[in-house]
Amino acid sequence: MAVNTYCPRFAILVYKTRQRADAGQPSRMEGGQVWDITHWLGDGSIVSVSKSVHQPMGSFVIQIPDVAFAVSPESGGSADTLYGLLEPLDEIEIRLARSTGYGADAQQLPILLRGFIRDIRRNEVMSPDGKPNRIVVIQGNDYGLLFNLTQIPPSTFWTAMGQSGFIAGLLTYQLLHLDNKPYPVGEMLQSLLTHLVQPQLTTMMARFNDIPLWQTPSPVQGKIAPPGIDTLTGPIWNFMARIADTPWNELFVDDAESGPVLRLRVCPWHDLNGQPIPQVGGQTATADAVDIDISDVIQLDAARNDANVANIYWVKGGGFEQLLGLYNQVFNAAQTAQSLAWTFLNGTDAPNSDPDLYGYRYMELDTALLPNDITEELRGVKKDDQKKNEEVYLNWAEERRKGLILLNQDNVAFEHGRMTLKGNEAIKAGKWVRLSRESFFAEYYAASVTHEFAPYRHYTTKVDFVRGTGFIERMKSDGSPHLKEGKRGVYSSI
């Protein structure tokens, strides 16, 4: 009988950008230096990388023995512990693989995270038996950090400076190069990347001075009106996440081999039949899937509940109804026989949201976007343009409610929870994990993923998932699902 064995490989590179003089003042390093700290990780070390589709930035933690680090390994010279050598905002690159099939060069290993060191900690402790133990802990975030670092002060600050009017105009129109008209959401995000994020990356001399926006399979539907100064106050991620219009869409930072990427796409969830759920205009998106076997599962904790059941849905337009003079029209249009089906659910058409069983439950969300066909001028438009705006916006409001219902009407049947797997570098946040139980498959959407590697001990991948179909698939199974879910031998034929 063959036994599978694995030899995980990893590489951790630090790109030094800052150093400190004897007086303690920091300075930039000319051209920077690349330090390979891979070989300093050993017994007692831990590398943990976490990413989520719901967070602006991923994070990492590296625990490494507190030993002298040789700045020039080929010369054999030692300098200091990494605690004394690393600086906040030095860059780091973490690569990791479960097996050896990626070539001899460490740079051929798949990338897990590129980012910046934020916190360096040294922990010195004396154990009860008199043995000293010193550990250096390095923590930080991926390139999504830039969306939190780049902030715009509140308008009260500029008012105190006597410059509020000038600064408001500068930020919203000159700095972002915007006119007073609605922009496609992708174009607005690209403007923020180009005029706020990229200059910051350039001035801090980051390895990558560009975070491209990636949309698939086609640009996400919807336009956003130019923001005011108060809307942009604080970290720009707050504004970016709002105009991304979740849960209808997703916005998250991913590390591709070419560099960090900002991904914007329609939510790639599936319905009960495994088909992508359409949004406005029938637009759908797909996410990559990673196939695993039940033998890869260390722990699977899945649950179902009625907490997110809803059968009455409403979507507000973030003030656009009042702006367009369509507040009453939206309510009136929703009362037509056809539109009521996309507002109130009944037990016949949506048995997983049956109000007779679950009671009447209300779900209301805001949409930050306008339809693509909206007239460029939102105020004071001609009568014909006003009629066009009314038609396209009423259709948009109904499509948004319809999309929200399709995403949530079967919540009680889908599983959520966490699984711990044998380390698998292919699993990333925003992918499907497709689990084979010998006689049937179940899929789980990875909302957040944590890779944890301890040299010479273990490599595991923890997945916090939603939309799990384990319960749905076992209901479709003939015979006894319990006897067929991953059992071997005589149970395989039952």
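Q: Which element gives the most residues to the lining of the largest cavity?
A: A cavity is a set of points on a 1 Å grid over the protein atoms alone where a 1.4 Å probe fits but cannot get out, and lining residues have an atom within 4 Å of a point. Elements are DSSP runs numbered from the N terminus: helices (H or I, at least four residues) and strands (E, at least two). Here β3 gives the most, with 4 residues. β3 (46-52), β15 (249-256) and β23 (441-454) are the elements that each give two or more residues to this lining. This is a predicted model, in which local features need pLDDT of at least 70, side-chain atom pairs count only at pLDDT 80 or more, and totals for chains, interfaces and linings use all residues. Residues are numbered from 1 along each chain as its sequence is written, and side-chain values use heavy atoms, without hydrogens and water.

Q: Which residues lie nearest the centre of the largest cavity?
A: K51, L112, D254, K428 and A429 do, among the 13 residues that line the largest cavity.

Q: Which residues have the most contacts inside the largest nonpolar core?
A: A nonpolar core joins buried (under 20% relative accessible area, 1.4 Å probe, protein chains only) Ala, Val, Leu, Ile, Met, Phe, Trp, Tyr and Cys residues through side-chain atoms within 4.5 Å. The largest has 46 residues, and F147, L189, M240 and L262 have the most contacts inside it. Helix α5 supplies the largest share of this core, 8 residues.

Q: With which residues is L189 in contact, neighbours within four places in sequence aside?
A: Contact means heavy atoms within 4.5 Å. L189 is in contact with L213, M240, I243, L251 and L264.

Definitions and conventions. On a 1 Å grid over the protein atoms alone, a cavity is a set of points where a 1.4 Å probe fits but cannot get out, and a pocket is an open set with protein on both sides within 12 Å along at least five of seven lines; lining residues have an atom within 4 Å of a point. Buried means under 20% relative accessible area, exposed over 50%, partly exposed in between (1.4 Å probe, protein chains only).
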